[in-house]
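Please look over the model shown here, and then follow the questions and answers below, which take up a helix, a sheet and an interface in turn.

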Amino acid sequence: MATEKYNLKQEIETVREDCLRPTQKWGRSTQTWIGCLLIVMGWGLYCYIHQLRDGLGVTAMRDYVSWGLYISTFIFFIGISHSGTLVSAILRITKQEWRRPITRSAELLTFVSLLFGGIIPIIDLGRPDRLPNLVLFGRIQSPLMWDIIAICTYLVGSTLFLFLPMIPDMALCRDRLTVCDSPFKKFKKWLYTKMAIGWKGTKSQWHRLELTMTIMTIVIIPVAVSVHTVVSYIFAMTLRPGWNSTVFGPYFVAGALYSGSAGVVLGMAAFRKLYHLEKYITPRHFDLMGRIVLALTLIYAYLNLNEYWIPAYNMVTAEGHLLSDLFYGSYSKAFWTCQFGTVLLPIIIMSIPKGRTVTILTITCIIIVAGAWVKRYLIVVPTLLHPFMPIQEVPGTWSSYFPNYVEFSVTAACLAGIFLVITLFSKLFPMMAVWEVEKGILIEHDKQAAIELRTKREAEEAKIMGKRLKTGFEPLK
Amino acid sequence: MQEDNKQNNKTDRRNFLRKSLITGSILTAGAIGLEKVFPGEKDSGEKVKVLTPDGKVYVASSEHLKEYRPPPVTNAEARKGIANKKFVMVIDLAKCDGCKTCTVACQAMHFTESDREWIKVFKMQDADATAPYFFPKPCFHCDNPPCTKVCPVNATFKRQDGIVLIDNERCIGCRMCMAACPYSTRFFNWSHPDPKQTAAVGNTPYSPEQSVPRRMGTVEKCDFCPDMIRQGKMPACVSGCPMDAIYFGDQNEDAVTNASGVTVKLSQLLEDNAGYRHLEELGTKPRVYYLPPKNRKYPIPDMKSVGNEKKEKKHIEMDMGIMQM
Amino acid sequence: MKMNSMIKITSLAIAITGLFCGIATAQDQSQALGKSEATIELSYYKKTDMSKTAVAVIKAKNNDGKFVSAKNARVNFYVMHDKEQQLLKNVNTDNNGQAVIMLQKDLPLDEDLSFTIVAKIENDNLYEDAEEQVHYKDANLTLNLNPNDTARLVTAKVTEIGKDGKEIPVKGAEVKFYVHRLFGIMPATDDNTITTDEKGEASFAFPKNIPGDTKGVIIVAARMEDNEQFGNVENKATASWGTVLAMDKDPFPRALWEPYAPLPLVITISTLFGGVWFIYFFIFFQLRKIKKEKQLKMR
């Protein structure tokens, strides 16, 4: 019994070691990576300043396509931000034990993509200097205002959702970080102390933490759904063909979950590889996540059917023009690639058990994420190119759209920003919820002990029964 | 007043620039020059040197300077509109010969660039077998305006006289209204306004009623010339129409007037000519009515030329580019 | 029709400058070579305030052989005085090709009590010489609306001024009745032309369905238009015979397109998100408690 306890302690110690190791040193590769990201972001910033000075005219957007890559990316990022809610909250509620090693990265992905998703509409503004007008003259009737409210609410919620399970870990980091010679370490010590908010691990603290966690887990799900619903309302509340659709709310939510869960798989794969967490994030995790992504892709495919088949059957004038452009017009290649390549193909791959192995699932999820991004673009741009009034006698640049270098640069900078924040975060904080994994080990240990106990007892019972059988009854067959 | 405005413009601009500098690198400040090369335009009339609000001297044609603009009403007044009036426009498609004089008159009135048509003349054909017709389309100033509904900052608003205006001193440039308008009526100032136009506008103080001076990063559209209405004059497109095809008036008076000064009973006009509103099924309740193109005395538009214009289908191939990422 | 074009002058915004300048320059170039043929259309107006004006509309042939408004043409106005032309004024035409002068009240008269006005283009650089004259008698048009009349009878009386200044009723003159609207005058009925009787009176019952302002007030105008004897004569009167315009009780109701939102929307959104934020604050409160606990222990 004593050796067993020792083993358990050692196991927990290994977990702590493994989780905190990445936070303790910054390798050359990390520095290069961050350097690259900073260069991309710097160039993006340069382009954005160019855009601020000379107006949005430096982008490829014009009066017909007045929203382009920026808004598409906005929806995409907001979609990715659904991952944290899904994996973390839903798996928590359903008490899935295997969630433990992946919740932190999922929650982080939510937080970061939401942060940058929220910045993009500001980048897309013609007059960002007038942002205070939103507070001074805000109109609650505008879907954009609903968006702002919902995204702010979700941002605060997901920050809390990320922060709450971090508290005990922060206390652990604070307690482990003893040497305070370099200023960098001093900063870390200060940061950990602040973020641990005086966590001592007392019973009442644990009680409060669990209470707040439970509440947040429940609250964050409807908030997340509301966010993507109102994002879809930006489009669905207009009268434009292709947008004016009652299925848009659920369609966007499904699309968000589809791309978001794939995003979580990518995060899992990256951290597993880079931080050597193979022991914790196992092929079993990928298999289970693969099943979830599959289920969500199926839902998304179903909503795609609703979104396109119903209007395609009716072919109402204005919508008909749009749909013919999508089905066999200038956007048909992109459209069908999206539908078959990034929805149907992943469904087929993930249906096969071999398709849910680490490498293949990761590749599939890359396809899904990229496909989701392109699909956002295909929702925004073709509709704008098919207004009710015909596009006549306008410069060629107005009647077509493809994002130019400014838009690509700024978008890339946002993506780099997401990577940068994730990198910095993972270099400062453990990327697995240490205490949750520990708890998982303890539960697992208890289970093992219980099983052992039961098998022992069963064996004993069997002995007794056997005796009885021998004495009294004929064995049953 | 003018001096004040000048000052305001200056500080406005300065703030804008300062903000952009605060946000980021100082490197760019020198790299991106403000000077642009402006395409030469045919201009009659003598050249006059004008000082723009941001202190630059431009040579403008005196033709553009003749316009006298009375001092505008206050912003609060402009947002309220004229009491007990409901402005309405009737466009007789049977009379429109597609000469686009309305567009030109509008552009002169609002100092707009030539490719920006607040009132645009479309060549329409409803079905293959039906006859094509010219279709001038201003802003419809809807009574159930989709654009105004979605504005997050109340920068575009519906007045009591039915006119929908934009306050470009408040607009944040989100372009939600442009996405919401089913008639593609709204335009965005993607870049700095053309300095020639800025010079022509001169030091006119801004009012939503005259839509100038325009500002980068804000939305603009047909405004039914409310400043002219206040002077008892009709919008530029109406009085400019040589075919007398556009009528304008007050629905409360049940009368509309055309460029020749012929005033007719609105209800009678709509009744006799089977007046209708464009895309009625959208439920936006436009304030612009159309009379069907019956018994026309001019050639119908040539629809062969429509749709084949410089439409660059570049985005097809490039879409595939994005797919490969 | 001329009355209408009169209004056109005022209503046509100067904004069309830009529009016409292109055509004008084209003309300037062609006309530098030779003078172009011009026509004058002269009309005479007597308004409600008894003011008298003469309007000359000049049109000139352009390159295509079409007659278009000639701007900046110099028009000399004369009045016949003892069979001699006496120069009144010279006026340059505006962008619509119109030249307007105010006439003196007591124009010199002929034996038949009529006066003659002449408009001429003489020695103009751009246009060939042209001349036009009109010959009218002075007439008065009075308009009488009895506000107490239930039949709403509008009566106009036309008189000409006799030798001794006496007013003589005119029979058989055509009078047209109009209602003033925001941008012009609208015929009061479909058939708004009434001919005067031997008393010089023309009258008609004012229709019931013409909207007035918020008090029902309308302005009625009676006109003789292009009368062979008297030119254009007009008079106006007001009465509250229009239908009363119901004022907007609330021009800015709570609506989706107005600054203030409908209450159900406000309530729904504030309840939903207010509820979420309430929970957030509860969580912040719990976090505070977690923090406070430490301080207790420290002590």
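The expected span of a helix is 1.5 Å times one less than its number of residues. The model discussed here is predicted.

Q: How far apart are the end C-alpha atoms of helix H5 of chain A, and what span should its 21 residues have?
A: Helix H5 of chain A covers residues 103-123, and at 1.5 Å a residue these 21 residues should span 30 Å. The expected span agrees with the distance between the end C-alpha atoms, which is also 30 Å.

Q: How many of the 21 residues of H5(A) are buried?
A: Counting a residue as buried when its relative accessible area is under 20%, one finds that H5(A) is mostly covered. The number of buried residues is 16.

Q: Which strands are the edge strands of the open sheet in chain C?
A: Four strands of chain C form this open sheet with antiparallel pairing, in the order E5-E4-E7-E8. The edge strands each pair on one side only, and they are E5 (84-92) and E8 (130-137).

Q: Which residue of E5(C) is the bridge partner of C:His81?
A: Strand E4 of chain C, residues 74-81, runs antiparallel to E5(C) and is joined to it by eight bridges. Within E5(C), the partner of C:His81 is C:Glu84.

Q: Which residue of chain B forms a salt bridge with A:Glu393?
A: Chain A and chain B bury about 6,500 Å² between them, and A:Glu393 is among the three residues of chain A that lose the most area to chain B. Three salt bridges are found across this interface. In the one formed by A:Glu393, the closest N and O atoms are 2.5 Å apart, and the partner is B:Lys100.

Key
Residues numbered from 1 in each chain as written. Chains lettered and ligands numbered in written order. Predicted model: local features only at pLDDT ≥ 70, side-chain atom pairs only at ≥ 80, totals over all residues. Heavy atoms only, no water. Helix = DSSP H or I, 4+ residues; strand = E, 2+ residues; numbered from the N terminus. Buried < 20%, exposed > 50% of the residue type's maximum accessible area, 1.4 Å probe, protein only. Pairing = 2+ DSSP bridges. Buried area = accessible area lost by both parts, 1.4 Å probe. Salt bridge = Lys/Arg side-chain N within 4 Å of Asp/Glu carboxyl O.
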